Amino acid sequence: MMRRRLDSGALTAGLVVSLLGTLLLLDRLDALDLSFGWLFPLAAAAVGAILLAMGLADRSP
Amino acid sequence: MTTASGDPLEPRPESLGAAPAQPDPPPPGPRRLTRSTGDRVLGGVAGGLGRYFEIDPVVFRIALAASVLIGGIGIFVYLAALLFVSDDAGRATPFRRSRLLTIAGGSVLAVAALIALDSGDGFFGPAVPLLLLGGFGYVIYAALRNGRGERGPVTFGRLVTWFALGIGGTLVLGALMVGSAWAAAEGSGVLVAGVVIALGIAMIALSLRPGRGARWLVLPALAIAAPLGVVAAADISFDGGYGESLHTPVALSDVPASGYRIGAGELELDLRRLDFPAEQTTAIDVGVGLGYALVRVPENVCVHSTARLGAGGIGVGDRWTGGLDLDAATPRSPAGEAALLIRGDVGMGAIEVVAGDDEPDGSRGPGSGGFGADRDRIRGRGFGSDRDRIERSVDPTAACGTRAG
């Protein structure tokens, strides 16, 4: 029986996108105050995490 | 069955009765980036890159050495390669077995590199265009390499197809970005953020399917999230309408208590007909969501300003301050007994105050990219607005005719 395997790259990307959206939602609801000082590293970390996750998922056997 | 040459119809030598020959060498595996153990100065990173890209490793050594001078990013790139790339003898890196650590380490390195790149002079200095150029070049290289590899040679038809797909994809993503920014600035940011979260949840759900899930969803998700982030960070709001507007009040009673504001576009406010009371400070609010505001004041008025700047600048005469996430103030102009305080609120753009018939300094306006590098004139910097703090830093009772602080 073939084992059902999840795509860890897409899973990580989905988690990162959801987290990003949640932070943006909290800003729009005035629960926190995003600024450029936070936005640039946040965006870079999100994109970096997505790329790493997808790249490593492709390399795993 | 497939032979080593990859042609399923090619007969194998032994099937033709030929003498047993030396066993064929194993088929070459997919090309992998590894650190070189034979051509190394430190960790073999440049040697491995040279072999992978079929370029003289000296080129990468020079590039890495030069990049150390650009905020030290080369050090982080080299450390990342040492941590995450195994050598060609198959010795894995300490982090290879732990994907979680690898992801966390890569993210931390990316943030650290960004912090190192931020020299404090605004954006990330000359490194950003260099990185963008490098990324663009790599995309072209990867496309051409894939084209002549698994999918056959690069033909004119394929180039046209790629070009068309690239243009089409760029247009779609561009439309998503513009729509996201517009909706967020119009006050629908909660809805836009909800769409981003929904796309993330959809990716998680679809990742449970066999195969590659729905990775493509990451592109529209980021195309929607990025402009929303900019709108959120700059606090851009389109309250106040769009286009161009001109206001010429003739008496102080004509000035609305809420001041003047343009959502997106250009605002011109001509205050030269007003008679400002002597030895008093008159405060007028001027807001710009996205664009430019020009305020003309009488020559005999002592003007100073405070502003919350998301991304932009404010100038009184030749005194400019600007940047990102700034609470800024310009000192008093040296002439006049009546005092006028311009309280600015800029999402993305600029407010410029000129006296009399002076011409505005167009080189400082929107799009000039040169908002006030003179940090001595910037009173405060922080991650958020703090109007009370700014107004305390500018004493409105100080006598005009002298420069404050």
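1. How many helices and how many strands are there in chain A? In this predicted model, chain A holds two helices and zero strands. Of the 61 residues in that chain, 44% count as buried.

2. Ser18(A) deserves a paragraph of its own. This residue belongs to helix 1 of chain A, and a polar atom of its side chain lies 3.5 Å from the backbone nitrogen of Ile201(B). Once the neighbours within four places in sequence are set aside, the residues in contact with Ser18(A) are Ile197(B), Gly200(B), Ile201(B) and Ile204(B). Ser18(A) counts as buried because its relative accessible area, 12%, is under the 20% cut-off.

3. On salt bridges, the count over all chains comes to seven. One of these is formed by the side chains of Arg215(B) and Asp7(A), with 2.9 Å from N to O. This pair crosses between chains: Arg215(B) is located in the loop that runs between helix 6 (156–206) and helix 7 (218–234) of chain B, whereas Asp7(A) is in the segment before helix 1 (8–28) of chain A. Arg215(B) is buried, with a relative accessible area of 12%, and Asp7(A) is likewise buried, at 4% relative accessibility.

4. In chain A, Asp27(A) bridges to Arg28(A), and the closest N and O atoms are 3.1 Å apart; Asp27(A) has a relative accessible area of 3% and is buried, while Arg28(A), at 22%, counts as partly exposed. In chain B, Asp270(B) bridges to Arg272(B), with 2.8 Å between the closest N and O atoms; here Asp270(B) is buried at a relative accessible area of 12%, and Arg272(B) is partly exposed at 31%.

5. Which residues are in contact with Thr34(B), leaving aside its neighbours within four places in sequence? They are Gly48(B), Arg51(B), Val85(B), Ser86(B), Asp87(B) and Asp88(B). With Arg51(B), the contact includes a polar one between the two side chains, at 2.8 Å. As for Asp88(B), 54 residues of sequence separate this residue from Thr34(B), although the two C-alpha atoms are 5.3 Å apart in space. Thr34(B) itself is placed in the segment before helix 1 (45–53) of chain B, and with a relative accessibility of 12% this threonine counts as buried.

6. The last point concerns the surface of chain B. Ile75(B), Leu79(B) and Leu82(B) together make a nonpolar surface patch of about 230 Å². Of these residues, Ile75(B) is found in helix 3 of chain B, which spans residues 73–84.

Methods. Residues are numbered from 1 along each chain as its sequence is written. Chains are lettered from A and ligands numbered from 1 in the order in which they are written. This is a predicted model: local features need pLDDT of at least 70, side-chain atom pairs count only at pLDDT 80 or more; totals for chains, interfaces and linings use all residues. Side-chain values use heavy atoms; hydrogens and water are left out. A salt bridge is a side-chain nitrogen of Lys or Arg within 4 Å of a carboxyl oxygen of Asp or Glu. Helices (H or I, at least four residues) and strands (E, at least two) are DSSP runs, numbered from the N terminus. Buried means under 20% relative accessible area, exposed over 50%, partly exposed in between (1.4 Å probe, protein chains only). Patches are made of residues with over 30% relative accessible area and no salt bridge: like charges are joined within 9 Å, nonpolar side chains (Val, Leu, Ile, Met, Phe, Trp, Tyr) within 5 Å. Accessible areas come from the Shrake-Rupley method with a 1.4 Å probe; for residues, only the protein chains shown count as cover. Contact means heavy atoms within 4.5 Å. A polar contact is a pair of N or O atoms within 3.5 Å; within protein, one must be able to donate a hydrogen and the other to accept it, and residues adjacent in sequence count only if both atoms are side-chain atoms.
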